[in-house]
Amino acid sequence: MELQLTNKTSSYSQAFQTASQLKECLLSRKWDSQNELLEILNFEILKICNERRNSFIIKNVAKQLKKIISDGCRDDTADIRESVLSLVYDFIVGIETSCNSIADQATEHVHANEIILTVGYSGTVKAFLKSASKKRRFHVIVVENAPSYSGHQMAKELANENIQTTIILDSAVFAIMARVNKVVIGGVSAILANGAIIVNQGVHLTALSAKHHSVPLICLSALYKLTPLFLSSDDHSSFNKLISPENVLEPQDGVNVVCPMYDFVPPELITLFVTGASTHSHALLYKLVQDLYLKDSIGELER
């Protein structure tokens with residue numbers, strides 16, 4: 001089984017396919033001890049990670065599964081094979097239910113008559129706000145997130161759920177922020193071990209505006225996006241991708257335009273993380289990283 005991924009493959013699909021591929025590998029290979037199992041798993045993880053070097057999520061899922069199996073697999077278990085496969089199935093179920101688990105916490109964070117701002121399109125944010133709308137009435141302001149303009153789709157789908165919705169230009173974020181009660185963002189590519197996030201361009205501007213106006217910013221993310229690696233402000237070239245600026249700027253002779261795909265948002269701009277398990281401040285994420293990964297997986301950003 002090969003990973004069927006494209007540039008438009010969702011984070012959930014990447015996580016689910018990776019876990020499913022490792023499950024199929026364990027089902028098809030012969031192993032009778034923990035050492036044999038970990039040897040097979042290490043080989044498959046190395047192969048997957050080499051094929052998809054730029055995907056945080058694929059590496060995260062593979063390494064989290066290795067931690068679960070290392071902690072839960074013992075040679076003295078009556079049926080080691082059945083025990084390991086049960087752990088793997090539970091892990092996959094956790095991936096499948098992650099969005100619903102986050103949405104179930106919505107009423108703890110969204111209150112009546114609040115004005116909530118979000119950026120662009122995020123399926124997780126949509127599910128979160130839809131869940132909150134069952135018991136609360138509130139107003140959502142959606143930033144259009146040019147040049148993708150994914151915010152238009154977000155605003156349309158929220159309006160179809162009978163949620164009061166307004167769409168604004170990216171340039172209007174700072175001006176409108178004084179009226180906002182909280183910012184809710186999703187669509188995160190990775191959460192670093194120190195609480196910084198890698199996210200679609202445009203979110204950093206919103207986070208800075210929220211910080212200036214003392215507006216809390218809540219980040220919604222499944223745990224498979226939490227990576228055990230660190231990133232400083234000097235490491236942008238290690239994770240970012242440059243895309244064509246043709247959608248926002250006409251070509252001009254002698255002018256070089258740098259157009260990154262992602263924003264790096266430092267941890268001090270994020271108030272709270274809502275995961276499928278619970279809520280966390282960025283200061284406590286490192287403990288969560290220790291629970292999810294083996295010690296040899298925690299370190300600096302791989303180059």
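1. Disulfides. The count of disulfides, each being a pair of cysteine sulfur atoms within 2.5 Å, comes to zero. Cys-25 is buried at 10% relative accessibility, while Cys-99 is partly exposed at 26%. Here buried means under 20% relative accessible area, exposed means over 50%, and partly exposed lies in between, with a 1.4 Å probe and protein chains only.

2. Basis of the values. This is a predicted model, in which local features need pLDDT of at least 70 and side-chain atom pairs count only at pLDDT 80 or more, whereas totals for chains, interfaces and linings use all residues. Residues are numbered from 1 along each chain as its sequence is written, and side-chain values use heavy atoms, with hydrogens and water left out.

3. Helix H7. Helices (H or I, at least four residues) and strands (E, at least two) are DSSP runs numbered from the N terminus. Helix H7 covers residues 150-160, and its buried residues are Ser-150, Gly-151, Met-154, Ala-155, Glu-157 and Leu-158. The cover over these buried residues includes strands E1 (115-119), E2 (139-143) and E3 (164-168), together with helix H6 (123-132). Asn-162 follows H7 and has a positive phi, near 65 degrees.

4. Largest nonpolar core. A nonpolar core is taken as a set of buried Ala, Val, Leu, Ile, Met, Phe, Trp, Tyr and Cys residues joined through side-chain atoms within 4.5 Å. The largest one has 33 residues, of which Leu-117, Val-180, Val-183, Ile-197 and Val-265 touch the most other members. Helix H11 (residues 285-292) supplies the largest share of this core, four residues. For Val-180, contact (heavy atoms within 4.5 Å) is made with Ile-115, Leu-117, Ile-141 and Val-215, leaving aside residues up to four places away in sequence.

5. Another core, of 29 residues, lies apart from the largest one; Leu-37, Leu-65, Ile-95 and Tyr-224 are among its residues.

6. Ile-198. This residue is found in strand E6 (residues 197-200) and is buried, with a relative accessible area of 1%. The C-alpha atoms of Ile-198 and Phe-264 are separated by 4.9 Å, although the two are 66 residues apart along the chain.

7. Salt bridges overall. Side chains of opposite charge can pair when their charged atoms come close. The criterion is a side-chain nitrogen of Lys or Arg within 4 Å of a carboxyl oxygen of Asp or Glu. Eight salt bridges are found in a search of the whole structure. Arg-29, Glu-44 and Lys-47 are linked in a network of such bridges.

8. Lys-182 and Glu-114. This salt bridge has its closest N and O atoms 2.8 Å apart. Lys-182 lies in strand E4 (residues 182-185) and Glu-114 in the loop between helix H5 (98-103) and E1, so the pair ties together parts that are 68 residues apart in sequence. Lys-182 is buried at a relative accessible area of 8%, and Glu-114 is buried at 12%.

9. Asp-291 and Lys-287. Their side chains meet in a salt bridge with an N to O distance of 3.0 Å. The two are separated by about one helical turn because they are four residues apart in helix H11. Asp-291 is partly exposed at 44% relative accessibility, and Lys-287 is partly exposed at 48%.

10. Glu-24 and Lys-23. The closest N and O atoms of this salt bridge are 3.6 Å apart. Glu-24 counts as partly exposed at 34% relative accessibility, whereas Lys-23 counts as buried at 15%.
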